[in-house]
Amino acid sequence: MNPATKPQSKTIDVSVITTCYGRNRHLYNLLSSLANGSVQPSEVIIVNDDADPERLAQYPLNIVQIPTSESRLAVASQEGLISDNEDKKTKKTGFDIGRNRNLGAAKASNEQLIFLDVDCIVSATFIEQFSAKLTAHPDALLMGQPLYLTRSLTDEESLQLQQGDLSNTKLNAIAVTNPYRHNLIDQAVEQAIETGSSTVNTTQSTSERTQDYGAFWSLCFAITQSQFQRIGGFDTHYVGYGAEDTDFAFMARALNIEFYLTSDVVFHQQHSVYRPPLNHLSSIVINANRFYDKWQHWPMGGWLKSFANMQFIDWQPEQQNSITLIRQPTDSEIESAHCADAPYV
């Protein structure tokens, strides 16, 4: 069944913002989940996408597409700060996620903003519950609960999702939590993950205020337009990949904006990763130095430690001077770090 022929859910005044390039399979699954939720956002803003307009027209959603121009990462390349590989990627994709999110927020017509990475699939009542929490805490920053699919959806499952026939129960059965992150998740959800026999109990979803702003991750978060502008959006001095979301949360902390973790679930679609992310070594070093200059705190400590142990950088956790890049990884070293099938980094 074409999703455009299905009865539409109630629409609420929420702008969903995502960024995408070359990840259209993930994008279509995200749109399918948004189209079949208990409520629909009044607009879905896709920044920097290369999706087929005819395919997008199949979804009963108000979709706004925003192209991007030359990113700041390309400028960094011209200044000799990043590797040729990262330069080639940004010229092709305009990959500058903080800047692209700012473009999406500037285009949004609603006060409530929900940012989702393109590899998310929202649970059935995610938008409804997340929006309700933001209504209850309009001055706060909220982060949802990611669960990680342990494999890619099959073509048949993607079709079921598009038709509204792929339940949370089925997604729970192939999902895990990330053991390296704090998980605010109720007992019913844990049982669903373990047994695959229960749906996510979103009607009793919880939230918890935390002072651990370092736990913020921009995979799935909500904030009002007013507070987003108060923070100043994402700092576009960060280039490419790494630390821009932690910086955003630290700005929220500096402004005394409350931070809540919630148990509202998104399912993270599996994709290949690099452990450690040698493919982003240059931009991570640039961003780590920028972050330390601004906050006197080193972000991404686990990655920096790995890079130092592999002798790509000169760095110690207690140092107060900028990181020195010793050398770039070879193609074979980058390939050796590649994990083709991984639910999380």
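These legends accompany several close-up views of one predicted model. Local features are described where pLDDT is at least 70, side-chain atom pairs count only at pLDDT 80 or more, and totals for chains, interfaces and linings use all residues. Residues are numbered from 1 along each chain as its sequence is written, and side-chain values use heavy atoms, with hydrogens and water left out.

**View 1. Leu34 and the largest nonpolar core.** Let's start inside. A nonpolar core is a set of buried Ala, Val, Leu, Ile, Met, Phe, Trp, Tyr and Cys residues joined through side-chain atoms within 4.5 Å. Here "buried" means under 20% relative accessible area, "exposed" means over 50%, and "partly exposed" is in between, using a 1.4 Å probe and protein chains only. The largest core has 81 residues, and Leu34, Leu116 and Ile313 are the ones that touch the most other members. Apart from this core lies another, of 12 residues, including Leu161, Leu171, Ile174 and Ala175. In soluble globular proteins, nonpolar side chains tend to be buried together. Leaving aside residues up to four places away in sequence, Leu34 touches Val16, Val39, Gln40, Pro41, Val44, Leu61, Leu116, Val122 and Ile127; such a contact means heavy atoms within 4.5 Å.

**View 2. Helix α5 under its cover.** Helices (H or I, at least four residues) and strands (E, at least two) are DSSP runs, numbered from the N terminus. Helix α5 spans residues 97–107, and it is largely enclosed by the rest of the structure because eight of its 11 residues are buried. These buried residues are Ile97, Gly98, Arg99, Asn100, Arg101, Asn102, Gly104 and Ala105. Their cover includes the strands β1 (10–19), β2 (39–47), β3 (63–66) and β4, together with the helices α10 and α11.

**View 3. Two phenylalanine rings, Phe115 and Phe228.** Rings of Phe, Tyr and Trp (its six-membered ring) pair if their centres lie within 6.5 Å; planes under 30 degrees apart count as stacked, over 60 as edge-to-face and the rest as tilted. The whole structure contains 20 aromatic pairs. Phe115 and Phe228 make a stacked one, with 5.4 Å from centre to centre and 20° between the planes. Phe115 belongs to strand β4 (residues 112–116) and Phe228 to helix α10 (residues 225–231), so the pair ties together parts that are 113 residues apart in sequence. Phe115 is buried at 0% relative accessible area, and Phe228 is buried at 1%. Both also belong to an aromatic cluster with Tyr213, Phe216, Phe221, Phe234, Phe248 and Phe259.

View 4. Asp247 lies in helix α11 (residues 244–254) and is buried, with a relative accessible area of 2%. Not counting residues up to four places away in sequence, Asp247 touches Asp235, Tyr238, Phe291, Lys294 and Trp295. Tyr238 has the charged end of Arg290 over its ring, 5.9 Å from the centre. A charge sits over a ring if NZ of Lys or CZ of Arg is within 6 Å of the ring centre and within 35 degrees of the ring normal. Elsewhere, the charged end of Arg55 sits over the ring of Tyr28, 4.1 Å from its centre.

**View 5. Asn289 in helix α12.** Which helix holds Asn289? Asn289 lies in α12, residues 281–295, and counts as buried at 13% relative accessibility. Asn289 touches Trp298, Ser322 and Ile323, again not counting residues up to four places away in sequence. The C-alpha atoms of Asn289 and Gln320 are separated by 9.8 Å, and the two residues are 31 apart along the chain.

View 6. The peptide bond from Arg275 to Pro276 is cis, with omega near -5°; Pro276 lies in the loop between β11 (271–274) and α12. Ala243, in the loop between α10 and α11, has a positive phi of about 85° although it is not a glycine. Gln311 also is not a glycine, yet has a positive phi of about 65°; its loop runs between α13 (301–309) and β12 (313–314). Are these residues buried or exposed? Ala243 is buried, at 3% relative accessible area, whereas Gln311 is exposed, at 57% relative accessibility.

**View 7. Cysteines without a disulfide.** A disulfide is a pair of cysteine sulfur atoms within 2.5 Å, and the structure holds zero of them. The sulfur of Cys220 has its closest cysteine sulfur in Cys120, 5.5 Å away, which is too far for a bond. Cys220 is buried, with a relative accessible area of 0%, and Cys20 is buried at 4%.
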